[in-house]
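The sequence and the structure are shown first.

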Amino acid sequence: MSIELTTTEELRQSDNTGLQTYLNVVLKRRSIRKLTSGPITDEMIRHILEAGRWSPSSGNTQPARIVVIKERQNEFWDFVANTLQQKLQGDQLERALNRIPGYRSGIFTLLFYEDTTISNNPPLPGGAEIWKNFAAQAMGIVQSNVWNAIAAAGLAASNQHINLQIEDELREFLGVPATWKSYSIFPVGYANETPVERSRHPHESTIFYEHGPLEESVEVLSQE
Ligand SMILES: Cc1cc2nc3c(=O)[nH]c(=O)nc-3n(C[C@H](O)[C@H](O)[C@H](O)COP(=O)(O)O)c2cc1C
């Protein structure tokens, strides 16, 4: 079978199927760091999280755990700001603190964790390193599915890693087990900024049909 669709535009215009609807959601998902509040129902949040719950994982081991902060949104972001002040300095602190109002003024916050008891006790052979890697891949897919679902709901988010500076303090604040490894924080709300323009490597430089890259396409990618 020959595959002739090469650009996102062509794909977009190709038909009106579920694929196009899905691609439009994928393209709509952007990193939005300045958020605002707006209408939300618990059902919407639950549906967004269903996209994470139904994500695939190695051997269906489902290592992802997600903490939802909504009622404690202000308390949570106060805690993050105060804790970062004890951990970071100079430009790094200033940059982190400057961004927090944009997160706080959203609606809710998601914290992604891996329950490491699963990869530490692999259900199938393969070795600990492979299962750790599988868990990390599964975590990436969960976050991606949830982020796309947020976009499909007309909401916006970004993928933040200030959790890495304050992992122990966060664990205590949230009451999560010591066996949960913190991955990321997604502040979620309605978009209150237009995202910066972002491009991706051309289709021809990263996707290869039937064989690996010809020499000239390797050069195209390395020049970008
Ligand atoms: C694994 C991963 C880590 C990221 N870490 C951060 C982060 O700590 N802070 C942030 O503002 N954006 C972070 N991003 C967002 C990327 O910068 C962003 O996805 C990329 O520049 C493409 O822009 P877009 O999301 O608007 O399409 C991260 C994205 C991924 C996938």
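Rings of Phe, Tyr and Trp (its six-membered ring) count as a pair if their centres lie within 6.5 Å. In this predicted model, ring pairs link F76, W77, F79, Y103 and F173 into a cluster. The structure holds 8 aromatic pairs.

F79 belongs to helix α4 (residues 73-87) and F173 to helix α8 (residues 167-174), so the pair ties together parts that are 94 residues apart in sequence. Both F79 and F173 are buried.

A further pair consists of Y113 and W180 and is tilted, with 5.7 Å from centre to centre and 50 degrees between the planes. This pair also links distant parts of the chain: Y113 lies in strand β3 (residues 108-115) and W180 in strand β5 (residues 180-191), 67 residues apart. Y113 is buried, with a relative accessible area of 1%. W180 counts as buried as well, at 18% relative accessibility, because the term applies under 20%.

| Arginine | Ring | Distance from ring centre |
|---|---|---|
| R29 | W147 | 4.2 Å |
| R72 | F173 | 4.4 Å |

In the R29 case, the charged end of the residue sits over the ring of W147. R72 lies over the face of F173, a residue that is also part of the cluster.

Technical notes: Residues are numbered from 1 along each chain as its sequence is written. This is a predicted model: local features need pLDDT of at least 70, side-chain atom pairs count only at pLDDT 80 or more; totals for chains, interfaces and linings use all residues. Side-chain values use heavy atoms; hydrogens and water are left out. Rings of Phe, Tyr and Trp (its six-membered ring) pair if their centres lie within 6.5 Å; planes under 30 degrees apart count as stacked, over 60 as edge-to-face and the rest as tilted. Helices (H or I, at least four residues) and strands (E, at least two) are DSSP runs, numbered from the N terminus. Buried means under 20% relative accessible area, exposed over 50%, partly exposed in between (1.4 Å probe, protein chains only). A charge sits over a ring if NZ of Lys or CZ of Arg is within 6 Å of the ring centre and within 35 degrees of the ring normal.
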